[in-house]
Amino acid sequence: MLFLRKSFVLHCVLLDKILNEFKTNNFFYSLTPVNQGNDYENFFFNTKTGYCEYYAGTFTILARLVGIPARIVTGYYGGSYNNLGNFYTFKQRDAHSWVEIFIDNNWVLYDPTLSVPNENILNSN
C-alpha cells in the first residue's frame, strides 16, 4: 500500500510540473493559432500557441510518457439553458477538450488550458 501511495504522490508531482510548464513558459491560448495539424511536438517546443486540443493532446502524451494512464476527452462545456423547453443548447463555441488521468483507481479530470495565465489568452469565445 505504501508503494501505491508513493506512486500517487509522484504522479501528482509530475502532472503539476506539466501544468506549471504551460503556466510559466510563455504558452498562449488562441482560437486561431497557426495551422499545425496534430503536431503536438511543434506546439510544445516551438509555437506554444494553441487551443484546448493542443493542450489536452500534449498533456496526455507527456503523462503517458512517464507511465501515467491518460485519455483525451472532447465534448461541450457550458451551453445555454432553455427555460421554455427545459433543455440545454450547445453551439460550436461550447466545444472543448480536456484530459482524464487514471490515478488511485479513478479517472480524474484535468483541464490544462486552465493553467494558461489570463494575460496569455489571445482570443476566446
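Two strands are taken to pair if DSSP finds at least two bridges between them. In this predicted model, S3 and S6 meet that criterion, pairing in the antiparallel sense over seven bridges. Within this region, Tyr76 stands opposite Ala95 in S6.

The pairing belongs to an open sheet of three strands in the order S3-S6-S7, with antiparallel pairing. S3 and strand S7 (106–110) are the edge strands, each pairing on one side only. From one strand to the next, the twist averages 35 degrees. Helix H3 (residues 52–65) packs on this sheet and touches S3, S6 and S7; the direction of H3 makes about 15 degrees with that of S6.

The count of salt bridges comes to one. Arg71 forms this salt bridge with Glu100, and the closest N and O atoms are 2.6 Å apart. The pair links distant parts of the chain, since Arg71 lies in strand S3 (residues 70–76) and Glu100 in strand S6, 29 residues apart. Glu100 counts as buried because its relative accessibility of 18% falls under the 20% cut-off.

A nonpolar patch on the surface is formed by Tyr76, Tyr81, Tyr88 and Phe90, which together have about 460 Å² of accessible area. Phe90 is placed in the loop between strand S5 (87–89) and strand S6 (95–103).

The accessibility of individual residues discussed above is set out below.

| Residue | Relative accessibility | Class |
|---|---|---|
| Arg71 | 33% | partly exposed |
| Phe90 | 41% | partly exposed |
| Glu100 | 18% | buried |

How values were computed: Residues numbered from 1 in each chain as written. Predicted model: local features only at pLDDT ≥ 70, side-chain atom pairs only at ≥ 80, totals over all residues. Heavy atoms only, no water. Patch = residues over 30% accessible without salt bridge, like charges linked within 9 Å, V, L, I, M, F, W, Y side chains within 5 Å. Areas by Shrake-Rupley, 256 points an atom, 1.4 Å probe, with all protein chains shown as cover. Salt bridge = Lys/Arg side-chain N within 4 Å of Asp/Glu carboxyl O. Helix = DSSP H or I, 4+ residues; strand = E, 2+ residues; numbered from the N terminus. Buried < 20%, exposed > 50% of the residue type's maximum accessible area, 1.4 Å probe, protein only. Axes fitted to C-alpha atoms, helices over the stretch in contact; angles between N-to-C directions. Contact = heavy atoms within 4.5 Å.
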